[in-house]
Amino acid sequence: MHPPAYNCFVDRDKMDSAIPDLGPKELSCTELQELKQLARQGYWARSYALRGQVYQRLIRDIPCRTVTPDASVYRDIVGKIVGKHSSASLPLPEFVDNTQVPSYCLNSKGEGAVRKILLCISNQFPDVSFCPALPAVVALLLHYSADEAECFEKACRILACNDSSRKLVDQSFLAFESSCMTFGDLVNKYCQAAHKLMVAVSEDVLQVYADWQRWLFGELPLSYFARVFDVFLVEGYKVLYRVALAILKFFHKVRAGQPLESDNVKQDIRAFVRDIAKTVSPEKLLEKAFAIRLFSRKEIQLLQMANEKALKQKGITVKQKRQFVHLAVHADNFHSEIVGVKEMRDIWSWVPERFALCQPLLLFSSLQHGYSLTRFYFQCEGREPTVLLIKTTQKEVCGAYLSTDWSERNKFGGKLGFFGTGECFVFRLQPEVQRYEWVVIKHPELTKPAPLEPTTVPPSPSHSVSSEPADRLSPFLATRHFNLPSKTESLFMAGGSDCLIIGHVAGD
C-alpha cells in the first residue's frame, strides 16, 4: 500500500503517529441519517484522503451568504495583508483573544500558514468580533486542504453559514458567553456528581465551565478533535456540548478520589484533556457523549437565547478589560441569619446561569417580617425567581429554588393549584449538602378533581420522568419563560393561606 500523499503543511512522522492511515475508502451515501452513523462510527477517520474529500463535500453543502470569500479572494489579498512579514512572526487577529494556535501535526510552514489564513479571514469578516475557536478549526482544516486558499475558503464557509437553525461557531463575545452559560446549565442537569465536585474545589465554578470550548478547540489531541469535528460537520453545535459533558464525566470519574487544589481546577481539566489518551479512546469518548439524553436542539437554542438576553440586560455584550461576567456572591453585600457566604455561593452554583449573574436580595425574613404566609406572599410577589431558605429547630437547613412568581397562585380563585417550571428544585444544606431537582408530576390531572391535603412531600433523590414525545418541549421550557406552547403542564409549586407545597409528586 502506498503511503498517503500528505500536503506540504503536514509533518509526516507526527501524522502517521497520531492518525495511522489505513488506506482509501469510498463514500457514496448522501442521506443525513446514514452520514450521521458513519461519522459517529469513524468511517472516514483513518483515511487521510477520504477525510479530506468528506470535509470538502460537507463544507461545500453549508448554506452561506450570497457573497462568501472563496479561494480566489485569498490569492488576491494574502500578499497585501501579509506583506514582508515572515509567517512565524505574524500577529494574530484580535478576535481570537490571544488564543494559542494548536499545531497538531503541522510543520513550521503549516503553523505560519494558519496565521496567514486567520489574518485574511479577519480582513474579510469585520463582523466577527470574538471567535477563540477559529485557530483550532483552521489548523485542523489545513491538514486536509490542498493549499492555503482551499483552507481559507472552507473556514469562510463555516463562518458565513446563514441557516438560522444551524449554529456552527460563536462569532461574538455575547454568543461565546451565552454558550458558556448554557454549558453550565447543562452540567447542572446532566453531570450532577461532577458539578458537586467542582463546587467543592473551586471558588467560582462558573469560571471553570467558561473554559469548556478550550477543552475542545485547543487541548484535545488531533486524533480526538478530528473525530469530534467529523460529527460536528454533520450534526452541528450540539455535538460540542455532548463531548464537553462527556469529558467532564470522565474527569470526575478519574479524579473524584484525588485531592484537587481550588486554584488549579481549570489547569487540571486542561491537563486531563491533553492527556486524555491515557484514560479513554476517541470511540469511548463519543460513545459516552451520545449516551447522554440531551435536550433537543430547539430547547438548547431557546436556553441560549434566554442566556443572551440576561447578558444584554446586564450590559455585557463585548469583552472588556477586567470584565467579570460571572459574578460571585459578594461577602460585603450579603446577609442571612440562616446561611453564610460559602453556602450561598453553593446555592448560586445550582441556579440557572442567566440568574447567577444577579446578586441575591433579601425579600423576606421571619425575624424581620414575622411568620405570616400572607406577609410572605406580599414581600415576594412581583419577584422572579426566588430562593427559599428554612432553618428548623433542630438546626437543619433546607430550601428551594422557585422559578415562578408567587402571584401565579392567584389564578386558581383561592383554591390550591400548582404552577411553576421544571427549573424548580429543592435542596438540603444541613446536616449534609444535597440537591433534588427535576421533580415532575407524572399525572397532573390527579391533582384537579380532589382537594389536596395541606402537606408537603419530603424531597427524594428519585424523580419521575415525563413520557413526552421527543419533539415536545420539556416542562423545563414552559410557556412562562419562552412564550411557546407546551402540551405538558409544569406543576412544581403551590401556595395557599395555610401551606406551601414545592416538588409535590403524584403517584402512578
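Visitor: Which order do the strands of the open sheet have, and how are they paired?

Guide: Strands of a sheet pair through backbone hydrogen bonds, either parallel or antiparallel. Strands here are DSSP runs of E with at least two residues, helices are runs of H or I with at least four residues, and both are numbered from the N terminus; two strands pair if DSSP finds at least two bridges between them. In this predicted model, the open sheet has three strands in the order β3-β6-β7, with antiparallel pairing. Its edge strands are β3 (418-419) and β7 (500-502), each of which pairs on one side only. Strand β6 (residues 493-495) is joined to β7 by three bridges, and Gly495 has Leu500 in β7 as its bridge partner.

Visitor: What should I keep in mind about numbering and confidence?

Guide: Residues are numbered from 1 along each chain as its sequence is written. Because the model is predicted, local features need pLDDT of at least 70 and side-chain atom pairs count only at pLDDT 80 or more, while totals for chains, interfaces and linings use all residues, and side-chain values use heavy atoms, with hydrogens and water left out.

Visitor: How many aromatic pairs does a search of the whole structure find?

Guide: Rings of Phe, Tyr and Trp (for Trp, the six-membered ring) pair if their centres lie within 6.5 Å; planes under 30 degrees apart count as stacked, over 60 as edge-to-face and the rest as tilted. The search finds 28 aromatic pairs. In one of them, the ring centres of Phe183 and Trp215 are 5.7 Å apart and the planes stand at 85°, so this pair is edge-to-face. Since Phe183 belongs to helix α8 (residues 173-190) and Trp215 to helix α11 (residues 212-219), the pair ties together parts that are 32 residues apart in sequence.

Visitor: Are Phe183 and Trp215 buried or exposed?

Guide: Buried means under 20% relative accessible area, exposed over 50%, and partly exposed in between, with a 1.4 Å probe and protein chains only. Both Phe183 and Trp215 are buried. Phe217 and Phe225, which form an edge-to-face pair at 5.5 Å centre to centre with 75° between the planes, are both buried as well.

Visitor: Where does the charged end of Arg40 sit?

Guide: A charge sits over a ring if NZ of Lys or CZ of Arg is within 6 Å of the ring centre and within 35 degrees of the ring normal. The charged end of Arg40 sits over the ring of Phe290, 3.7 Å from its centre, and that of Lys189 sits over the ring of Tyr190, 5.1 Å from its centre.
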